[in-house]
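Here are some exercises to work through with the sequence and the model side by side. Try each task yourself, then follow the solution step by step.

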Amino acid sequence: MAEKEYLTVAEALELVLAGIEVLPPEHVELAQALGRILAQPIVARDSLPPFANSSMDGYALRAADLAGATPQSPVSLRVLGEIAAGAVGDVPVLPGTAVRIMTGAPLPPGADAVVPVEDTNEPWRDAERPLASHVLIFRQVAPGAYVRRVGEDIQTGQVVLAAGHLIRPQEIGVLASLGVSSVPVVRRPRVGVLATGDELIAVEEPLRPGKIRNSNGYTQAAQVAALGAVPVPLGIAPDSETAVRARLQAGLAAGVDLFISSAGVSVGAYDVVKTVLEKEGNVDFWRVRMRPGKPLAYGRYGSIPYLGLPGNPVSAMVSFERFARPAILKMAGHTRLERPQVQAIVQEEIYSDGRESYIRAVVRREGEVYTAVTTGAQGSHMMTSLIAANALLIVPEGVTHVPAGQSLSAMMINWPETVF
Ligand code: AMP
Ligand code: MG
């Protein structure tokens with residue numbers, strides 16, 4: 001397999017996404033559909049509202065009866081009865097009559113408008129008080145006033161939601177109104193997460209000389225889960241082909257749709273991930289002009305897409321942001337794959353080595369503009385720098401110095417005060 005050396009970030013991302021396909025659909029219960037992506041368009045089988053109904057507690061009547069009505073010279077109408085929400089009134093509203101109606105109750109035959117109770121001499125009513133025989137109406141209204149028309153919101157046969165649409169609480173409400181109890185959604189990606197390295201020990205273990213705890217495995221599993229995908233933890237593989245192979249085989253058995261591993265993709269003698277992929281799949285590229293995160297493997301293990309992230313925790317997390325996140329979102333059926341970006345004015349000088357650099361920063365809104373300060377030391381092992389950051393400032397390729405006061409694109413990994 002030919003290795004294409006030193007791709008730009010954009011080239012690498014394009015190659016990654018070209019190898020990723022949207023997963024097949026499945027049906028989930030409506031209450032489970034939050035955060036999922038519609039796999040098929042939703043066509044309305046009913047109109048909304050399904051029947052003409054009152055938008056107020058009031059009197060259903062004929063607008064023509066109210067010509068000239070004012071508080072000083074009200075119009076008196078005979079009250080035929082009352083329609084509560086959920087009931088259906090069948091007594092026709094003839095000239096000179098009205099029916100007391102509740103919000104959401106269907107408009108009775110003959111009526112073409114509603115006057116709210118506030119505009120009558122009967123502004124309130126409780127169960128004990130019988131309906132008055134007549135009501136005084138203090139204003140005139142146009143036909144259709146306070147009436148919600150059939151199909152005003154949605155019409156039968158209309159495509160209400162397109163395939164690829166993200167299901168939020170408001171989509172859940174629309175689907176419920178339309179009687180869609182089982183929703184066709186794209187299957188959730190199952191992402192195998194593997195940590196590699198002889199130096200790694202499990203989180204529960206006490207530190208020993210030369211060893212560090214496996215943090216990447218947890219970070220990447222959490223990054224996967226934060227996208228609504230399903231992490232499949234594959235544990236730790238020491239730097240041996242046999243160990244890596246065994247963990248990847250476990251991933252295949254678990255039916256993963258994508259592998260993500262950290263470390264072992266450099267050029268060191270112990271960087272075995274690349275070797276295993278070359279033998280049992282393929283590696284498409286493995287160096288990206290990006291900082292942090294130069295070594296990056298993309299290919300397949302068997303037929304399953306594989307992203308090998310660098311080992312340094314910051315590099316791994318940033319590379320995940322840049323490549324794994326859009327890949328997982330694409331698999332999950334999302335159409336918007338990128339984080340939102342804003343232009344932010346940097347408050348300090350920034351130096352780079354000419355690779356496209358992702359600088360951990362805090363972006364704030366100050367009046368009309370966004371400003372950015374870096375989170376300090378940018379070493380790719382400095383994990384706490386990512387805790388303070390809500391953005392990654394992107395220093396474009398070829399730029400080595402950004403003076404204070406200049407604007408850079410900031411990829412917002414967290415809007416201030418949001419949960420993830
Ligand atoms: P490598 O890519 O194997 O050269 O690793 C680069 C750096 O990342 C080394 O300092 C490793 O110890 C560190 N590293 C690799 N994997 C992990 C992990 N799972 N958790 C924390 N640090 C790691
Ligand atoms: Mg290593």
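**Exercise 1.** Find which of the 15 residues around ligand 1 come nearest.

*Solution.* A residue is near a molecule if one of its heavy atoms lies within 4 Å of it. Of the 15 residues around ligand 1, Glu199, Asn214, Ser215, Gly311 and Asn312 come nearest. Before going on, note that this is a predicted model, where local features need pLDDT of at least 70, side-chain atom pairs count only at pLDDT 80 or more, and totals for chains, interfaces and linings use all residues. Residues are numbered from 1 along each chain as its sequence is written, chains are lettered from A and ligands numbered from 1 in the order in which they are written, and side-chain values use heavy atoms, with hydrogens and water left out.

**Exercise 2.** List polar contacts (pairs of N or O atoms within 3.5 Å) of ligand 1 with Glu199, Asn214 and Asn312.

*Solution.* Step 1: a polar atom in the side chain of Glu199 is 2.6 Å from an oxygen atom of ligand 1. Step 2: the side chain of Asn214 has an N or O atom 3.0 Å from a nitrogen atom of the ligand.

**Exercise 3.** Sort the shell around ligand 1 by residue class.

*Solution.* Step 1: count Ala, Val, Leu, Ile, Met, Phe, Trp, Tyr, Cys and Pro as nonpolar, Asp, Glu, Lys and Arg as charged, and the others, Gly among them, as polar. Step 2: the shell then holds 5 nonpolar, 8 polar and 2 charged residues.

**Exercise 4.** Is Ala263, with its positive phi, buried or exposed?

*Solution.* Step 1: phi of Ala263 is about 75°. Step 2: the residue sits in the loop between strand 16 (258-262) and helix 5 (272-280). Step 3: its relative accessibility is 15%, so Ala263 counts as buried (under 20% relative accessible area, with exposed over 50% and partly exposed in between, for a 1.4 Å probe and protein chains only).

Conventions. Helix = DSSP H or I, 4+ residues; strand = E, 2+ residues; numbered from the N terminus. Polar contact = N/O pair within 3.5 Å; in protein donor to acceptor, adjacent residues only side chain to side chain.
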